[in-house]
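Open the model in your viewer and keep the selection panel at hand. The tour goes from the ligand to the sheet and then to the pocket.

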Amino acid sequence: MPTIEKDFRRSVVYQIYVKSFCDSNGDGLGDLPGITRKLDYLAHLGVDYLWLTPFYPSPQKDNGYDVSDYCAVDPRYGTMDDFDELVAAARERGIGIMLDMVLCHTSTEHEWFRQACSGEERYQAYYILRDGRGSAGPGDPGEPPTNWECAFGGSAWEWEPRLGKWYLHMHDASQPDLDWTNPEVREACADVVRFWRERGVTGFRFDVINLISKPEVIEDVPGPGAACRSLVADGPHVHEYLRELVERSGIDGMITVGEMASTDLANCVRYTRPDDHELSMSFSFHHLKVDYAGGDKWALAEPDIVELREVLREWQEGMQDGGGWNALFWDNHDQPRAITRFGGRGGVGERGGSWDLVGKMLSTMSFLMKGTPYVFEGDELGMTNAGYDSIEKYDDVESKNAYRMLLGRGSTPDEALRVMGERSRDNGRTPMQWTAGPGAGFTTGEPWLGVSANHEQVNAEAEVGVEGSMFEWYRGLIALRHTSDVVALGDVRFLDAGSAAPKVIAFERTLGEKRLVVACSFDDEPCELTDLGTDDMTVLLGNYADCPAEGVLRPYEAVAWSR
Ligand code: GLC
């Protein structure tokens, strides 16, 4: 069996949202055998690693990010044999498997939490428990211990009568946070990672891993309350805990990525600098907040491209200068589809419309910047936001809470539904579009989440092997990642596209004599470019069918020149 030892700097990771990828048994949920069935498709696309979202036993309050048993397969997704078969079959094709480790919190259904509730002090020490404020004594909850708010709306504390305490949950109330100051918790988490490593997994993604180290003192923040993710991010012992986890589980040198919520550049450098032996790379999210009006995810605004450019510049150049490494992405299971977000609503499924241009422009950027590109399932087909016409069609806990919150704030149902159409995470979770047929070829049954109506135009069958398709564009970019040293390893520097091109993001990559210049327009109008020094260079790729014009970028045009 070939081993998977690839340089992560030259690799491409493909994220599979297991529940929505391929259903092999007609129950409407994707599953592990479904993934095995599609390995030839993935090998043909050319990706190196598959990141699988959680398929462990879970009450599914947060779609599997509420884990009740870390070392088993939820029967709805298959069996441990199915898992072993998937790992082996992927390996035969030179593809590694990365697993999602949700170690910041468990489910309330996890054995540890159950034991805690049944009075086991050992397991009570696994969680963050506090007395209520103003409580009159045992049995009286009083008020939540602090004014912290969880990520999905409402207090970050839940009263548990069996404990006679409040427990901290930074996400849903069914996701109690683990207390990482407890060495036994840290050891137990390392055991989980070791368990999967020993089963042949080649890498890991760590869910909200920068939230594991809480502040020494847990107290109110000024004002009525605040989202606690930003209070807890990159806490006092986070680097120490991460290093210890990596060492104890024996995964140093494997491909690893941390999801870093509300993080900063200095910490991400430390998470990913090879000498620190923490992780290979990090996800940060600042570039995906440029269309939040006033920083509020549920308030719509047009994307601010000047800000986007500045965020990307800071993270590209800053991580490079610090010796860190970025994970590059636009989409994942927590985001609406970027193709819709950044202007690609026109001519869906056709060549030359804004859908086609934006999809190819965004992927050009993420594949040619410095870091490791991630493709989220369906990106390579140009899958778009779901476009559901009623709130009943949504499933996600965060979205449903936000919908209620918007109505409470005075939005009409139509307005709130419009916000969901733009912002709900379910936009990225719709079933994979394999064919134009019923259930989009994802399932022969009733899909757990509605299939997007445009699967009749946007689907794998219509795109694989078809010249000029989104799929073939992605295949080309993936191949370039594998063959081009300057793309994988070159230095990055952002360029000024000039005052007449405020919605153009341009950068160069250099390695020795090699130079690559990339310009991407987020503008729906043509714009004039300043001289980017490309006179003696040749066009390596462009997303229009004909050659780029000199000094001008057409709407949503992306061009890369090389020398
Ligand atoms: C991460 C996951 C997200 C989940 C949250 C809580 O952000 O990507 O889907 O809801 O963590 O586990």
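Start with the ligand: 14 residues surround it, and the closest are D62, D207, E259, H333 and D334. Keep in mind that this is a predicted model.

Next, select the side chains of E259, H333 and D334 and display distances to the ligand oxygens. For D334, a polar side-chain atom sits 2.5 Å from an oxygen atom of the ligand. H333 also places a polar side-chain atom by a ligand oxygen, at 2.8 Å. In E259, a side-chain N or O atom is 2.8 Å from an oxygen atom of the ligand. Taken alone, the ligand exposes 310 Å², and the protein buries 98% of that area.

Now switch to cartoon view and find the open sheet. Its eight strands pair in parallel, in the order β11-β10-β8-β3-β2-β1-β13-β12. At the edges are β11 (281–283) and β12 (327–328), each of which pairs on one side only. Inside that order, select β1 (13–16) and β13 (372–376), parallel strands joined by three bridges. Q15 stands opposite F376 of β13.

Last, turn to the largest pocket, which holds about 1000 Å³ of space. Which residues lie nearest its centre? Select A151, R229, K297, W298 and E398, which are among the 37 lining residues. Then colour α7 (228–232) and α13 (397–408), each of which supplies at least two residues of the lining. The most comes from α13, with four residues. Coloured by class, the lining shows twelve nonpolar, eleven polar and 14 charged residues.

Terms used:
Residues numbered from 1 in each chain as written. Predicted model: local features only at pLDDT ≥ 70, side-chain atom pairs only at ≥ 80, totals over all residues. Heavy atoms only, no water. 1 Å grid on protein atoms, 1.4 Å probe; cavity = no way out; pocket = protein on both sides within 12 Å on 5 of 7 lines; lining within 4 Å. Points joined across faces, edges and corners; volume = space filled by probe spheres on them. Nonpolar A, V, L, I, M, F, W, Y, C, P; charged D, E, K, R; others polar. Pairing = 2+ DSSP bridges. Near = heavy atom within 4 Å. Polar contact = N/O pair within 3.5 Å; in protein donor to acceptor, adjacent residues only side chain to side chain. Areas by Shrake-Rupley, 256 points an atom, 1.4 Å probe, with all protein chains shown as cover.
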